[in-house]
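Good morning, colleagues. Please bring up the structure on your screens, and I shall then take you through it.

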Amino acid sequence: MWGFLVIQVSGLRKLYGDTVALDGVDLRVREGEIYGVLGQSGAGKSTLLRCVNLLERPTAGTVTVAGQDLTALPSRELNRARQRIGMIHQHFALLSSRTVAGNVAFPLEVMGVPRAERARRVAELLDLVGLSGRGGDHPHQLSGGQKQRVGIARALAGNPSVLLSDEATSALDPATTRSVLDLLKRLNAELGLTILLITHEMNVVKSVCDSVAIMSGGRIEESGAIADLIRTPGSRLTREIFPLPEPAPSGSVTLTFTGDPQRPVVSEAVRKFDVEISILGGSIEELAGGSVGRLRVSITGDTAPALAFLRERGLLVEVTP
Amino acid sequence: MTWDEMTPLLWEAAGQTAQMVGWSTLFTLLFGLPLGVALVVFDRGGLRPLPALRSVLGVLVNVGRSLPFIVLMIAIIPFTRLVVGTTIGTAAVVVPLTVGAVPFFARLVETALREVGSDVVQAAQAMGASRTTIVRKVLLPEAFPGLVAGLTVTVVALIGYSAMAGTIGGGGLGDLAVRYGYQRFETLLMIVTVVVLVVIVQVVQSLGDALARRLSHR
């Protein structure tokens, strides 16, 4: 299930006049994963997302979704392909002239689903996002979180192979953000839904993403599974998730450990070897389904065997020269 | 002039005004709505950008909007004859009324359609909706309250234009006020006609406002 690439973006470039929005972007999203693209505004992540369903046509490069090269499709086929790509939006983009049920029915109308079938499917979708009974309301009667739930139900109407999320929680308060992210996570687990989301909030990446790409200046600086990046020395993701004073003082050691945070590896090292370890800073985060900690320490004494021991125990040890 | 003398005159004139305004509203809707949609759809950054065609339509609309109605009515007499076979009478007035109101209404349609958020249009594109579907199921329904408001303003303008219809023998309330009130010094009839016109415009505007408000779900 984790092997098949649902989205494959290669060599993507997008120019607006002389401005380079995307400068050679490659992205691979595997089936069933939640992939986050993280970056400041202006980094190009929104353009990237909109290139995935060709709302923006790339200047160069290819976009393959579910095995279909979208850049090669004529407009009728492209529209058909888009029906299998769900999208949710920062400001929900609901039709104010339609009821909640009418909004969810819209993509089904576009697909030509018969009326009776539509009604059945709408009820099912509203139930899935926890809004059964609200079908007759108009969007302006709903809270932000409820509006985004309608957006999600609408995006799922065509049984999409992938859901694109354009800053879907950025307009929501923290508690509502939490509940919408939980819903996305649940849909990912229950339906095997692949999600590509863009966000400027590290929190979103930390709480739901399996993989991440960090963007800046129209390029991807770092990408991969979060669990792997955490174990990569010098990873920018790790630095951003665990903010420690930079630059690290000369001679200090930064330890990154995954798994059971209760495991007394550090005190074990102190007992086994003739070293003193003092903690300069650190934190522990719940990440990619486990605990990850990062600790800045200074080690004095017989450091070499102690460091070897820590490495052997699976910690990522980075020594600042 | 007594009330008994005035009443039939007023009824007849009101009927002519209603006829002129009614028919021209219908035709304005028929031609102005598609023209307004075209102004938006063919624009740069529109659903189907055709800047050259858009410029031509824009110029045509501006020409139509810049002619004072009384000049337009006379200037297009050959066209009126071509369409209805005559240049005088109520039917003949409907042609210039329509020609005058179409560009006016088209601009109001354009404005109303531009009020529809681009995010909603893009969401529909992302769902794989065709351009026709987007116009039919997104742009027009979302802009509907604005379209109703625009039509109301157009009807009021048409009532105003129709007052000049006397010039080419169209009759109506405006013509009544000019012929009796002005040329025959029937001040009372003049006042009554003005009151009737004011009341009609009030009623049309209030109905339009109420309908637009009812339709709006923002």
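Predicted model: local features only at pLDDT ≥ 70, side-chain atom pairs only at ≥ 80, totals over all residues.

Let me begin with the contact between the two chains. Chain A contributes 19 residues to it, and chain B contributes 18 residues. On the side of chain B that touches chain A, at least two residues come from each of α6, residues 118–126, and α7, residues 131–162. Sorted by class, that side of chain B holds eight nonpolar residues, six polar ones and four charged ones.

Helix α7 of chain B also has a partner inside its own chain, and I turn to that pair now. The partner is helix α5 of chain B, residues 90–114, whose axis comes within 9 Å of that of α7(B), with a crossing angle of roughly 145 degrees. The crossing of α5(B) past α7(B) is right-handed. On the α5(B) side, the contacting residues include B:Val93, B:Leu97, B:Gly100, B:Phe104, B:Phe105 and B:Leu108. On the α7(B) side, among them are B:Leu139, B:Ala143, B:Gly146, B:Leu147, B:Gly150 and B:Tyr161. What is the class make-up of the contact of α5(B) with α7(B)? It has 17 nonpolar residues and five polar ones, and no charged residues.

Helix α1, residues 3–41, and helix α2, residues 51–66, have axes 9 Å apart and pack at an angle of about 135 degrees. The two helices, α1(B) and α2(B), are therefore oblique to each other. Here α1(B) passes α2(B) in a left-handed crossing. From α1(B), the residues B:Leu35, B:Ala38 and B:Leu39 meet B:Arg54, B:Leu57 and B:Gly58 of α2(B). By class, this contact of α1(B) with α2(B) comprises four nonpolar residues, one polar and one charged.

I now come to the annotation. For residues 14–208 of chain B, UniProt carries the feature "domain: ABC transmembrane type-1", from an unreviewed entry.

Lastly, chain A. Its domain assignment gives domain 1 as residues 5–226 and domain 2 as residues 242–319. Taken over C-alpha atoms, the centres of domain 1 and domain 2 of chain A are separated by 39 Å.

Thank you for your attention.

Note on methods
Residues numbered from 1 in each chain as written. Chains lettered and ligands numbered in written order. Contact = placed C-beta atoms within 7 Å. Helix = DSSP H or I, 4+ residues; strand = E, 2+ residues; numbered from the N terminus. Nonpolar A, V, L, I, M, F, W, Y, C, P; charged D, E, K, R; others polar. Axes fitted to C-alpha atoms, helices over the stretch in contact; angles between N-to-C directions. Left-handed = near helix turned anticlockwise from the far one by under 90°. Parallel < 35°, antiparallel > 145°, perpendicular 65-115°, else oblique. UniProt positions renumbered as here; feature names shortened; annotations may be inferred. Domains from an automatic or database assignment.
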